[in-house]
Amino acid sequence: MRLDFWPTGAAAPARTVFAWLPRAALLALLLSTAAHAQQTPAAQAPLISANLDSVRFDEFVRRVEAQTPHRFYFEAEAVDSLRISLHVQQQPLAQVLERALQPSGLKFAIDAHRRIYITRGAAVLTDLPEHYQLPSADSPVAGLAPDDAALLSSTAAARRRRAAAEQKLVEVGTGQPDKSRPTLAGYIRDLKTGEGVAGATVFIESPPTGASTDQFGFYSLTLPAGRHEVRVRGIGLKSTRRQVLLRADGKLDIDVEEDITPLKEVVIEGNKDANVARVQMGVEKLDIKTIRQVPTAFGETDILRVVMTLPGVKSVGEGSTGMNVRGGATDQNLILLNDATIFNPSHLFGFFSAFNPDMLRSVELHKSVVPARHGGRLSSVLDIATRDGNKKEFGGAGGIGLLSSRLTLEGPLAKDRSAFLVGGRTSYSDWLLQKLPNRSLRESAASFYDLNAHLTHELNERNTFYATGYLSRDKFKLASDTLYAYRNLAGSLKWKHVFNNQLYGVVTATHSGYEYDIASEKNPVNASELSYGIKQTGLRADVNYFQSNRHTLDFGASTLLYNVQPGQIKPRGAESLIGRDVLARERAVESAVYAASLLDLTPRLAISLGLRYSLFNALGPRQVYEYLPGVSRSTSTIADTLDYRGGQVLATHHGPEYRVSAKYALTDNSSVKLGFGRMRQYLHMLSNTASMSPTDIWKLSDNNIRPQVGDQVSLGYYRNFKRNTIETSVEAYYKRTKDFVDYKSGASLILNHTIETDVVNARGEAYGVEVLVKKLTGKLNGWVSYTYSRSLVQLNPPVVADRINGGRWYPSNFDKPHDFTLIGNYRFNRRFSASLNFNYSTGRPITLPLAKYYVGNSMRVYYSERNAYRVPDYYRADFALNIEGNHKVKKLAHSSWTVSVYNLTGRKNPYSIYFRAENGRINGYQLSIFGQPIPTVTYNFKF
């Protein structure tokens with residue numbers, strides 16, 4: 001095994017103060033220790049005096065270190081609950097440690113450098129066993145197996161290189177200091193791949209000053225001129241430092257090494273105290289490299305499923321990837337892949353997400369005060385970033401599952417300057433459909449694929465270019481009749497230019513598209529093809545200015561061009577009698593400017609202010625109807641028809657969007673935060689289902705359909721325990737929405753030339769409390785969340801005929817008051833771990849038929865008030881066992897197996913509720929897609 005040690009006075013690493021790692025690396029440490037011990041005589045054992053009654057272990061350490069030159073090294077989780085009671089006078093250090101640790105079963109060891117190692121199980125060896133011989137510089141290590149010898153040799157060399165880099169003094173700037181506080185900037189990059197590391201912390205201890213790297217791995221620190229020790233730490237990284245003599249503004253790039261842990265776990269923050277220290281509220285980060293331990297359906301790593309385990313994020317039911325964030329509709333979430341919009345984030349009826357996990361670097365969810373650079377949606381922004389690719393060497397990763405397989409390749413195009421990253425997934429899922437209980441699904445077929453490509457090129461120190469492309473296609477056929485096909489297309493081009501150490505800008509061009517086709521050929525007379533499409537092209541410029549460590553400024557502008565084909569139907573085949581029908585295209589331009597500033601007013605108080613102003617212009621050519629005032633809109637109440645030429649503005653909407661966040665630190669490990677945000681949304685999704693569907697259509701705002709406007713205020717308390725290893729938070733929010741789209745009873749959404757006659761602008765209200773407890777380290781880790789929330793709708797327009805439920809408030813389709821989630825991971829050893837996922841939520845609202853009646857000879861159905869009832873409550877438990885391959889250095893590929901069971905208890909949760917008129921009666925039925933446990937096996941590999 002290998003040990004990574006961190007002194008108590010040094011900055012603790014992001015994951016733990018003491019980590020167990022492979023065996024041969026420990027040998028390297030012991031070689032170094034023993035070699036040095038031959039030159040350094042053991043110190044005289046000091047005498048300790050102490051009168052301690054049930055004090056924390058860290059207090060015991062402080063007392064001992066105050067009386068001796070010794071330093072402690074230990075694992076934080078091993079001593080979290082340890083209390084020391086001790087009364088000694090002038091006793092040797094070893095005896096004091098033995099008495100203090102005896103009740104806990106912990107062991108200690110003291111080496112020749114006055115380092116005290118506290119461990120579970122066996123004590124650390126501070127000298128080599130007799131059968132090991134100290135190697136010369138060019139000789140192999142005696143007594144080791146070949147693989148261990150190779151690992152030891154490479155580890156020792158890496159340690160020597162790392163030590164040399166950490167001790168070497170780097171001069172930045174020349175001559176006398178040109179100002180009292182120059183700026184140090186640069187990139188934090190992965191030593192192995194050359195990729196920028198986002199979310200790493202770069203800091204000095206005196207005076208306390210730090211910054212986090214951005215999405216490109218860039219940092220900027222304004223420091224006093226002179227000598228500094230710059231430290232770098234982060235989740236999944238070996239902490240490192242650099243000795244810097246800072247004379248003037250300059251650049252310092254730092255390479256960091258991955259801190260390999262024996263089993264991967266879900267990690268939700270870049271820094272252990274970020275939830276307390278940052279100003280922003282409602283921000284959740286997921287490390288994609290470790291997300292696969294959360295069990296999901298069919299064993300496929302699913303980013304959206306894991307996002308839905310976070311507090312305040314829900315879905316309407318089984319098999320849906322549509323997110324409902326803090327009481328918002330699914331269309332109120334902006335999903336970005338490298339800044340390009342993804343309109344449909346799912347595959348295969350919504351059972352798979354559209355994202356290849358091997359391609360991704362990070363996922364960031366904003367659900368409270370959205371950054372000012374983003375806009376266009378009311379509820380949240382899900383910002384997904386791909387990796388840059390390996391700039392050092394060629395490699396790959398992939399997986400083979402029961403339903404799908406994936407492969408990702410990466411490597412340098414020009415070493416240390418350019419890299420490519422390409423990946424693809426495909427499915428072979430028809431065999432599973434044959435096992436489902438529903439007959440129509442058993443007679444169906446389904447398949448999908450997606451392709452990703454990402455290129456990075458560093459032209460020089462100031463200019464870097466990025467290109468991303470994404471393409472996905474789904475096809476499924478229901479009951480050998482209707483063929484569905486839908487496609488996602490997204491791409492982005494980025495140019496980053498660094499003006500100086502304090503100022504850089506990014507210009508981004510994006511293009512996104514989504515389209516679907518529905519074809520029916522079973523009856524040649526009615527054979528037809530229905531299609532829909534939306535395209536979005538955008539250009540934006542963002543500028544980041546680091547004025548000082550206490551003040552940063554972001555500003556920029558963006559514009560989007562929408563082009564929507566609302567739908568068309570055409571005959572399919574010569575015998576078809578279906579007539580061609582095409583809805584008029586819709587075009588619009590949405591533009592915005594923004595500015596945001598982050599200010600540290602005092603060491604405890606920080607505030608973030610942002611203002612975004614958006615402008616939306618609906619454009620011709622198009623025909624627009626005007627309706628008689630004071631009556632319900634219908635084709636019979638059309639008062640006038642207006643014709644607009646191509647490019648002519650037919651409607652304009654605009655307004656300010658505010659962003660305000662404030663944080664006050666109560667202590668070093670607790671804070672309170674307050675936030676307010678206003679958002680505007682000019683694009684609406686029209687759907688005749690409660691869950692997100694491939695056949696949903698997007699509608700632009702115009703003269704008759706107003707844009708949505710939402711205000712949200714949030715208040716939160718955050719507290720970390722046990723050296724930031726346990727995070728807790730409580731957030732309360734209230735959200736008010738106006739002019740979001742709801743539907744009249746019996747609304748028709750497909751190929752409707754006057755869609756405004758079947759939709760109305762409604763008011764919404766949502767409020768709730770979210771409680772989260774996370775433990776990110778140790779053998780047992782995970783999180784528990786509970787959310788109480790309500791989401792209500794009111795349709796009370798001046799026209800009485802358009803009112804729903806008499807104008808009273810009623811639950812929205814996604815109102816689920818109670819939601820509880822448990823994610824637990826347990827590491828048995830460095831090769832085996834187990835995961836358990838449990839979720840409970842209130843059943844979603846539903847409108848039920850209550851009676852039937854006859855008008856003349858026609859039977860009519862009398863329905864309840866809208867959403868007056870609920871489907872049964874939802875709960876599900878999943879289990880997974882993760883098995884890592886051996887850790888030999890020389891092998892073709894490093895592999896792992898995941899064996900999982902989805903819906904462990906076989907709960908028949910409702911996928912849909914539907915009704916049929918049978919023999920004069922209306923009968924209700926519940927369809928459960930996953931009504932039994934579903935075991936899966938997935939093989940993953942990396943080379």
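## Ground rules

The model is predicted, so local features need pLDDT of at least 70 and side-chain atom pairs count only at pLDDT 80 or more, while totals for chains, interfaces and linings use all residues. Numbering starts from 1 along each chain as its sequence is written, and side-chain values use heavy atoms, with hydrogens and water left out.

## Two nonpolar cores

Let's start inside. A nonpolar core here is a set of buried Ala, Val, Leu, Ile, Met, Phe, Trp, Tyr and Cys residues joined through side-chain atoms within 4.5 Å. Buried means under 20% relative accessible area, exposed means over 50%, and partly exposed is in between (1.4 Å probe, protein chains only). The largest core has 45 residues, and I534 and L686 touch the most other members.

Contact means heavy atoms within 4.5 Å. Skipping its neighbours within four places in sequence, L686 is in contact with D696, I697, K699, V741, Y743, L749, I755 and V759. Another core lies apart from the largest one; it has 30 residues, including V313, M359, L360 and L365.

## A helix pair

Helices (H or I, at least four residues) and strands (E, at least two) are DSSP runs, numbered from the N terminus. Helix α2 (residues 57-67) packs with helix α3 (residues 93-101) at an angle of about 170°, their axes 13 Å apart. Those axes are lines fitted to C-alpha atoms, for helices over the stretch in contact, and angles run from 0 to 180 degrees between N-to-C directions.

On the α2 side, F57, F60 and V64 meet L93, V96, L97, A100 and L101 of α3. By class, the contact of α2 with α3 has eight nonpolar, no polar and no charged residues. Nonpolar covers Ala, Val, Leu, Ile, Met, Phe, Trp, Tyr, Cys and Pro; Asp, Glu, Lys and Arg are charged, and the others, Gly among them, are polar.

## Strands and sheets

Two strands pair if DSSP finds at least two bridges between them. Strand β31 (residues 482-500) and strand β32 (residues 503-520) are antiparallel over 18 bridges. A hairpin of two residues joins β31 to β32, and N500 stands opposite L503 in β32. β32 also runs antiparallel to strand β33 (residues 528-548), again with 18 bridges, and Y504 has N544 in β33 as its bridge partner.

Elsewhere, an open sheet of five strands has the order β8-β14-β13-β10-β11, with mixed pairing. β8 (169-172) and β11 each have a single partner strand, so one side of each is left without a neighbour in the sheet. On average, neighbouring strands of this sheet are turned by 25° against each other, direction ignored. β8 runs parallel to strand β14 (residues 240-246) over four bridges, and V172 is partnered with L246 in β14.

Another cis bond joins G620 and P621, omega about 5°, and P621 belongs to the loop between β37 (605-619) and β38 (622-627).

Q90, not a glycine, has a positive phi of about 55°. Q90 is in strand β5 (residues 83-92) and is partly exposed at 48% relative accessible area. D339 also has a positive phi, near 75°. D339 is in the loop between β20 (333-337) and β21 (340-341), and counts as buried at 15% relative accessibility.
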